[in-house]
Every structure is written in structure tokens, then in C-alpha cells.
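Dear colleague,

Here is the structure we spoke of handing over.

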Amino acid sequence: MTLCEKGHVGGEQSSRNWGWCRKMGRDPREIPLSIEALRLWSGMNARIGLETGFRTTGILYLAESEAQMADRAAWLDYARPYQLDSRAIGPAEVDALLPGNTRPYVGAVYTASDGRAEPQKAAPAIAAAARAKGAIVLQNCAVRGVETAGGRVSAVVTERGRIVTSQVVVAGGAWSRLFTLPLGLRLPQLKVRSTVLRTAPVEGGPTTAGWTNAVAWRKRLDGGYSLANGHGGIADIVPDSFRFFLDFLPALRAEWNSLHLRLGARFVEEFLNWRPAALDEVSPYERVRVLDPEPDMKGSLAAKKAFDANFPQLAGARVEQHWAGMIDATPDAVPVISSIDTMPGLFVATGFSGHGFGIGPGAGRLMAELVRGVTPVVDPTPFRFSRFTDGSKPRPIAGL
Ligand SMILES: NCCCC(=O)O
């Protein structure tokens, strides 16, 4: 197995996300895969002999009104068949889980068995373990494209030469749409810019992660907190926003109150530079080794302010870093983990829609099983690429 990475392992979204590993709040189509992912996370450090930062900390989705509590708790109906430990709790239990919290909540949905890992540690550690098992991990080695023979995958062309192969998995995150375009695929994928900050280590405070309307927090392995704004991020308007407008219209309607649309430099950047190149030319993947978008400082500082208001005893915690990442989203907010019917040997794993880190180990297992042609750990049907081409009209499930 050879992994080609245009930059370095853990350079883009795998290191830039919140670090949450959760079953709670998942789209029902993802619940079985998230259960498998949490099972794998819980044994990951022992399995690879390295520290990923995974800890079972519990996660709270907090409610500020009875109406919001009812919305949050509605998800429990989807989870019931799986007998998870997710449950609705009242204000007394919220207070017990959030020492020092000063904001009143009417309750929360709580999953004690959910947790977090450290995005900046996990992917490099897992890659190192794969290497130790014989995988070849090539960094600074962009794949420019895929070659076929008789309609089947026959090779990938990298900036350093050709690799003959009959099977390729495109797991390109925000780049997957561009990469699959010359392969004749119409992968409806847009990007959401999400900003996170981290504080210096601080004594005390909750170990349970929490998500309010204003801020999401989780304790870090280094003793600080990772914080993000409670809203859904910034959707930069780019040429693909127009191409996929109708595909994403239901998602846009569902997320209208939490997404911020922006027209700015990203439109020009993608219009000019996000274009397929010939395989013997320098590709966009070499020109942008690491996609490092501008953090949304206003939103990030608002998150810190909200966290400080919740936990005044932690307000002195210094902000060490703000960063942003590009979430790659599909119209139904469910990933693609799929073979591609029109090109035997081609597989795609992408579109994790902001939930990819937590579900990653399960997604990796499922993709590997599809490639090997063995019985998959969960039903892969919800993740098939062909839902975008067979007239299914994929859309998010209302209320999630
Ligand atoms: N963009 C949200 C990241 C956390 C999560 O959904 O698990």
C-alpha cells in the first residue's frame, strides 16, 4: 500500500478540526459507522503503540431553552435502535459535569462514551504505525492524476513519476472535487471554512466537551482548551458554489442561520488556479502544498469571549493560536466512501462534512474492506457515490 501526500501527513483538515470523536448527533445514516469508529478509537493507542490523544471524556450538546432541548433530544429517537448511552439530562447533572460553569442551561443531551483525540498527533501517529507495518508513505509527492487502460485504473502519475496500480483511493479532502473532475466525475462538493483556537494549559475546568450556541470547547491533552465558534463556519463563494447551487440548496436552507456566506479572494483564487492540469505539468496540488486558509478572527474571539463568560475562572487562559481549515461538504452532509462504477479500480473517500476526524477510523476500515472486496463492517449504501447520479436527490435530514 502506498500513500501519496502532496504536503505532509496531518497538514490539512486532519490536523485542523475540533478533535471530537462522537456518535451523538450523527446523521442516522452515519450512526453505525460512528459506533465502529469509537470502538477503534478506544483501542487505537494500544494498537499503534503511539499517542493519538484519544480519551473518553463525554460530550454535551447544551440547550438554552425548552424548545432547543426538544430539538436536541429529538435525535435520541434515531439513536434508540443502537442502544447508545446518549441521554437527555437536566440542569443539575449539567452543573455536575461542568465545574465552574456560570451560565444556566435547561439541560443537555449527553453521551458519556464519546470523546476526543488530538488532531495534530493522531494522523501522523497512525501513518507512522502503518509505515512500521510496511506501508509506503510518500510526503511532498502530489498525485497529478490517474491513468486508465481499457477503462480500468492502470496507474497514478505523481510529480515524482508513475506508480503502476489497479486500485486507487482518492481521499483528497477539499481537493477531491478537482481531482475527480478529469476522471469524468461530477462530485458535488463545497467547502466550509472553520476556525479553531487553542489556549495555553490551564488548571481546572471541565473535562467534558460541550457545544452551546456560542462556543464549542474540549480539553486538550496538553491541558489547554480547543475552542470554536458555535456557528457553522464560513462558506466562501467560489465558482463551484454556482455549479452546485441546486445540489446544495436544501443544505443551504437547513444551515441558513448558522452559515456565513462570503465573497472574497477565494473566488478569484479558485477561478484562476483550481483547474485540472495535464499530467506532465505542475499541478494545483504542487502549487498549494498545504491549504492554510485565513482564520475568522472575529468569530474566533467571540468564541473565546463566550467561553470566558461560561467559565470565568478560566478567563485568564492565554490564546496560543488561531487557525482555520476547509471542511469538504456534500449536499447531504454524509461522506462518499465508495467504489466508482464508471471506472473499475477507482474508489473515493471524501466529503466528511466536518465530521471526518471522529469517524475516520471507521471510514478507513470501511474503505479498506470495499477495496479488498470483503464483507463491509457496515452497510455502505448510504455512502455510495452513485446517489449523486441516480436521481436520489441527496439532502440533509431535517432538524439535524
Ligand atoms: N465541525 C464540527 C466538528 C466537530 C464535530 O462535528 O464532531
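Contact here means heavy atoms within 4.5 Å. On that basis, residues 24 or more positions apart account for 74% of the contacts in the chain with a separation of 6 or more. Please keep in mind that this is a predicted model.

The chain as a whole

The chain has 13 helices and 21 strands. Its radius of gyration is 21 Å, close to the 21 Å that the globule rule gives for 400 residues, so the chain is as compact as a globular protein of that length. The C-alpha trace spans about 65 × 45 × 40 Å along its principal axes. Of the 400 residues, 51% are buried.

The ligand

Which residues surround the ligand? They are W18, W20, R22, I327, G354 and H355. By class, this shell has three nonpolar, two polar and one charged residues. A polar side-chain atom of R22 lies 2.6 Å from an oxygen atom of the ligand. On its own the ligand has 240 Å² of accessible area, and the protein covers 87% of that.

R26

R26 sits in the loop between β2 (20-21) and α2 (31-42). Is R26 buried or exposed? With a relative accessibility of 2%, R26 counts as buried, because the cut-off for buried is under 20%. Leaving out residues up to four places away in sequence, R26 touches I31, S34, W75, H355, G358, I359 and L400. One of these, H355, also belongs to the residues around the ligand, and the side chain of R26 reaches the backbone oxygen of H355 at 3.3 Å. R26 and G362 are 336 residues apart along the chain, and their C-alpha atoms are separated by 14 Å.

S283

S283 is in the loop between α10 (265-273) and α11 (284-287). Its relative accessible area is 2%, so S283 is buried. Apart from neighbours within four places in sequence, S283 is in contact with A142, R144 and A277.

Regards

Conventions:
Residues numbered from 1 in each chain as written. Predicted model: local features only at pLDDT ≥ 70, side-chain atom pairs only at ≥ 80, totals over all residues. Heavy atoms only, no water. Near = heavy atom within 4 Å. Polar contact = N/O pair within 3.5 Å; in protein donor to acceptor, adjacent residues only side chain to side chain. Areas by Shrake-Rupley, 256 points an atom, 1.4 Å probe, with all protein chains shown as cover. Nonpolar A, V, L, I, M, F, W, Y, C, P; charged D, E, K, R; others polar. Helix = DSSP H or I, 4+ residues; strand = E, 2+ residues; numbered from the N terminus. Rg over C-alpha atoms; globule rule 2.2 N^0.38 Å. Buried < 20%, exposed > 50% of the residue type's maximum accessible area, 1.4 Å probe, protein only.
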